[in-house]
Amino acid sequence: MATILRLKDIGKVWHIERTKEEVMALGGISLDVEQGEFLILVGPSGCGKSTLLQIVAGLEEPGSGMLEVTRAADGQKQTGMVFQEYALFPWRTVLQNIVFGPEARSVPKAQREADAQKLIDLIHLRGFEHRYPHELSGGMRQRVALARALANDPAILLFDEPLASLDAQTRKVLQVELVRIWQETKRTFIYVTHALEEAVLLGDRVVLFTARPGRIKEIVPVRLPRPRSITGRREAELLEYLSERIREEVDRSLKAEGLT
Amino acid sequence: MWRRYRPLRIISPVAFLVIWEGVVRLGEVNQLIIPAPASVLRTMIDLTIDGRLPWAIIASLNRVLQGFIYGSLLGIVLGLLVGWFRAVEDAVDPLVAATYPIPKSALFPLFMLWFGLGETSKVITILIGVLFLVLINTVTGVKAIDPVLLKAARDLGANQRQIFTKVVIPGALPNIFTGLRLGAGMALILVFITELEATKAGLGFLLWESYQLLLVKQVFSCTIAFGILGILSSWMLQWLERAVCPWKRV
């Protein structure tokens, strides 16, 4: 398979102005992301996985290291982000939110709205085009956020704990939806989560991060057929393995903070 | 049913007026100081028929509208720039911080010296009062925009100009309207104060003249007219906000 994104020794240090401290968030991440894969990033909180996502999105500068993205022919932006807090524009309707990117690129109105209709069908929100975000449930808002990111036609979709603020039922529904949309759109998904269950259900590969400073502890391939079920035997085994590995890191970071 | 109609909301003010009318008619209070509601209404009708009240309202509204419109526009434009551009903030903020605490009415004498005794000094006093309130609330509105929205806009490919027009301006609108509502109240206060001096026209002038002649019913009439202007301005702003911010239910 072709590599779509290559990270070489990406590091990031935060300078805390008030205390003059330097916190190493990422300690050298090297990783090849394959075209079309569903890649999961998990690790203890504060391990820098979200920071890495922001760097890939171009929203943060990497402190050190190199980032190579296989460019699209038209030079269009290659990534699109879905945020945990949805980040929908409250003053725009569902349709207006989805066309934000194409509108910024001056795609003609008729065309961008026709494209948006296709995305609205993809996320099953037909009939809600003219609702405002506050008139939607959390699950619907996150679908709109996904459609808005897809409207720019990026090769790589970045997810920053997209289901973390949803209730358990909605989360299950959206996990299934995400896999379906990933299969239909054939995009590369890079997905940050702290829910190991999601890693097992969604991922082709799971990248385990160490506690701060975040480094790659292990890359676990998930060779399980889809659709997966969290109650399946092999899924349960993998979940058990991942929790064990994460627990080591959490313990290590607690020890480092002198909490045990 | 009770919850929806809440009849006390009508009964209470009506009862208040009835009791007031009754107490005055029974001769419990001096009619020269507190006239009965019915006689005030009579006076208002007389003042309307002889044209004094409508003309006074028109003269005051003219000053209020000019001051409010120019002050709001300036306040919104300046507020957006101060809120968004660090350099503009650094240049303007100290000036605002130093002049904001001055009661705007206290600037009126200076403005009369500088701009003459005509309409200009009155309009500028109102303009300044409105400007500060709209400016400060607009700045707050820009700063209150959720940073994740700016991030999302950037991620979706918006350039700096597009972020300003498509995120900063709509994001600040709710606070801008807060500023406009406060500004409208301020404009009415200031028009009254500026009409105490150097004019023979306006609601403030009529009220003050009536007081000096001890025409208490006329004083009441003007006070009520001011109140009605206040209510109308707040209704109009509410209507405007509904039209401009349909995503907010106000």
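The points below take up the basis of the model, each chain, the contact between the chains, and some backbone details.

1. This is a predicted model, in which local features need pLDDT of at least 70 and side-chain atom pairs count only at pLDDT 80 or more, while totals for chains, interfaces and linings use all residues. Residues are numbered from 1 along each chain as its sequence is written, and chains are lettered from A, with ligands numbered from 1, in the order in which they are written.

2. Chain A has eight helices and nine strands, where helices (H or I, at least four residues) and strands (E, at least two) are DSSP runs numbered from the N terminus. Along the principal axes, the C-alpha atoms of chain A fill a box of roughly 55 × 45 × 40 Å.

3. Of the 260 residues in chain A, 41% are buried, a residue being buried if 20 or more other C-beta atoms lie within 10 Å of its own, exposed if 12 or fewer, and partly exposed in between, with C-beta atoms placed from the backbone. Among the contacts in chain A with a separation of 6 or more, 73% are between residues 24 or more positions apart, two residues being in contact if their C-beta atoms, placed from the backbone, lie within 7 Å.

4. Chain A is divided into domain 1 (1–78 + 156–166 + 184–260) and domain 2 (88–153), with bounds that come from an automatic or database domain assignment. The centres of domain 1 of chain A and domain 2 of chain A, taken over C-alpha atoms, are 27 Å apart. Eight residues from domain 1 of chain A and eight residues from domain 2 of chain A take part in the contact. On the side of domain 1 of chain A that touches domain 2 of chain A there are three nonpolar, three polar and two charged residues; Ala, Val, Leu, Ile, Met, Phe, Trp, Tyr, Cys and Pro count as nonpolar, Asp, Glu, Lys and Arg as charged, and the others, Gly among them, as polar.

5. Chain B has eleven helices and zero strands. Its radius of gyration is 23 Å, whereas a compact globule of 250 residues would have one near 18 Å, and the C-alpha trace of chain B spans about 75 × 60 × 30 Å along its principal axes. Buried residues make up 32% of the 250 residues in chain B, and 72% of the contacts in chain B between residues at least 6 apart in sequence join residues at least 24 apart.

6. Within chain B, helix 4 (residues 52–84) and helix 7 (residues 119–143) pack at an angle of about 35 degrees, with their axes 6 Å apart; axes are lines fitted to C-alpha atoms, for helices over the stretch in contact, and angles run from 0 to 180 degrees between N-to-C directions. The contact of helix 4 of chain B with helix 7 of chain B comprises 19 nonpolar, eight polar and four charged residues.

7. How many residues does each chain give to the contact between chain B and chain A? Chain B gives 14 residues and chain A gives 18 residues. On the side of chain B that touches chain A, the elements that give two or more residues are helix 8 (147–155) and helix 9 (160–194) of chain B, and the largest share, six residues, comes from helix 8 of chain B. That side of chain B divides into nine nonpolar, two polar and three charged residues.

8. Some backbone details deserve a look, since most residues other than glycine have a negative phi, and most peptide bonds are trans. The peptide bond from A:R212 to A:P213 is cis, with omega near -5 degrees, and A:P213 lies in the loop between strand 8 (205–209) and strand 9 (216–221) of chain A. Another cis peptide bond joins A:R226 and A:P227, with omega about -5 degrees, and A:P227 is in the loop between strand 9 and helix 8 (233–256) of chain A.

9. Phi of A:Y86 is near 65 degrees, a positive value in a residue other than glycine; A:Y86 is found in the loop between strand 5 (79–82) and helix 2 (94–98) of chain A and is buried, with 22 other C-beta atoms within 10 Å. Phi of A:D153 is also positive, near 55 degrees, but A:D153 counts as partly exposed, with 17 C-beta neighbours inside 10 Å.

Conventions: Rg over C-alpha atoms; globule rule 2.2 N^0.38 Å.
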